[in-house]
Every structure is written in structure tokens, then in C-alpha cells.
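The following report is meant for a reader who is meeting this structure for the first time. Please keep the sequence and the model in view while reading.

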Amino acid sequence: QGWCVHLDRKDFIGAEAMRKLLDRGLTRRIVGLELEGRRTARQGFPVCDRDGTPIGTITSGVLSPTLGKSIAMAMVDAARAEEGNPVSVRFGEKNVQATVVKTPFYRRTRKL
């Protein structure tokens, strides 16, 4: 079952569609990416396998001031969503190397 929707409790709008997705398995997943360099990926930029095959799309990106790295979120093929998987992000004619990383990107180690 999902962590925010319990499909066995009662019917609601969209419950049947969600049950079908659960039965056949998800084809896409949201992943975190850590990009090499300081270029910032923007919404809609293509995400590719290292061989250049498109596998997804950037949903958001930023140059993180706390991490000092360029990070992004992307929707990619579920088969390519494993942590540590090398990918690239297409910036026009150039490809920037990236790696699928665990999210959240940053965790507080002590309470303030």
C-alpha cells in the first residue's frame, strides 16, 4: 500500500485508477539528481542515459547554497531510478553528467 493513501479503506474519486496503477506497477518515479558542475537544471530539461537515450524530464532544479552543489528532481523511467545510477541532463546541445541520489538532499543533524 501507499504511504499516504490507503486503497483498502473506502472508495474515493480516483481510487480505481490508483488500484490499477498499483496492480501493474509504476512505470515512472521521482528521483533526486546531483549534477556535476554548477549549472542549474530547469523544468523540462531532458534526462538521458549515459548513451543519450531519453529516460525522463527535470521537474525542478537549483544550485543548493547549503550543499554547494547543483541538485534537481526528475521524473524518470522506474527501471533507471536506482540510487547511484549515472545519467546526464541535456542543456541544449551539451550534456551534463549527473547521478541519481537519495532524497531528501539535506537532513538536519541537530535540533535548533
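This is a predicted model: local features need pLDDT of at least 70, side-chain atom pairs count only at pLDDT 80 or more; totals for chains, interfaces and linings use all residues.

Which residue in β4 does L33 stand opposite? The residue that L33 faces in β4 is A72.

**The barrel**

Six strands form a closed barrel in the order β1-β4-β3-β2-β5-β6, and their pairing is antiparallel. In general, the strands of a sheet pair through backbone hydrogen bonds, which may be arranged in a parallel or an antiparallel way.

| Strand pair | Sense | Bridges |
|---|---|---|
| β1 (residues 28-35) and β4 | antiparallel | eight bridges |
| β1 and β6 (residues 94-101) | antiparallel | four bridges |
| β5 and β6 | antiparallel | six bridges |

Single residues show how these pairings are placed along the chain. In β6, L35 has A98 as its bridge partner, while P86 stands opposite T99, also in β6. The hairpin of β5 and β6 has two residues between the strands, and in this hairpin G92 takes a positive phi near 65°.

**The core**

The largest nonpolar core has 17 residues, and those that touch the most other members are L33, L35, V47, I58 and V89. At least two residues of this core come from each of β1, β3 (54-64), β4, β5 and β6. For L35, once residues up to four places away in sequence are set aside, the contacts are A41, S70, I71, A72, V89, F91, V96, Q97 and A98. One of these contacts, A98, is also the bridge partner of L35 in β6.

**An aromatic pair**

How many aromatic pairs are counted? The count comes to one aromatic pair. It is formed by F45 and F91, whose rings lie 5.1 Å apart from centre to centre with 80° between the planes, an edge-to-face arrangement. The pair links distant parts of the chain, since F45 is in the loop between β1 and β2 whereas F91 is in strand β5, 46 residues apart. The two partners can also be described by their accessibility: F45 counts as partly exposed because its relative accessibility is 24%, and F91 is buried because its relative accessible area is 9%, with 20% as the limit under which a residue is called buried.

**Two loop residues**

R42 is found in the loop between β1 and β2 (46-49). Its relative accessibility is 46%, and therefore R42 counts as partly exposed. Apart from neighbours within four places in sequence, R42 is in contact with I58 and G61. R42 and A72 are 30 residues apart in sequence, yet their C-alpha atoms are 8.1 Å apart in space.

Is N85 buried or exposed? N85 has a relative accessibility of 18%, so it counts as buried, although N85 lies in a loop, the one between β4 (69-77) and β5 (86-91). The side chain of N85 reaches the backbone oxygen of R80 at 2.7 Å. Leaving out residues up to four places away in sequence, N85 touches R80, A98, T99 and V100. Among these, A98 is the bridge partner of L35, and T99 is the residue in β6 that stands opposite P86.

Notes. Residues are numbered from 1 along each chain as its sequence is written. Side-chain values use heavy atoms; hydrogens and water are left out. Buried means under 20% relative accessible area, exposed over 50%, partly exposed in between (1.4 Å probe, protein chains only). A polar contact is a pair of N or O atoms within 3.5 Å; within protein, one must be able to donate a hydrogen and the other to accept it, and residues adjacent in sequence count only if both atoms are side-chain atoms. Contact means heavy atoms within 4.5 Å. Two strands pair if DSSP finds at least two bridges between them. Rings of Phe, Tyr and Trp (its six-membered ring) pair if their centres lie within 6.5 Å; planes under 30 degrees apart count as stacked, over 60 as edge-to-face and the rest as tilted. A nonpolar core is a set of buried Ala, Val, Leu, Ile, Met, Phe, Trp, Tyr and Cys residues joined through side-chain atoms within 4.5 Å.
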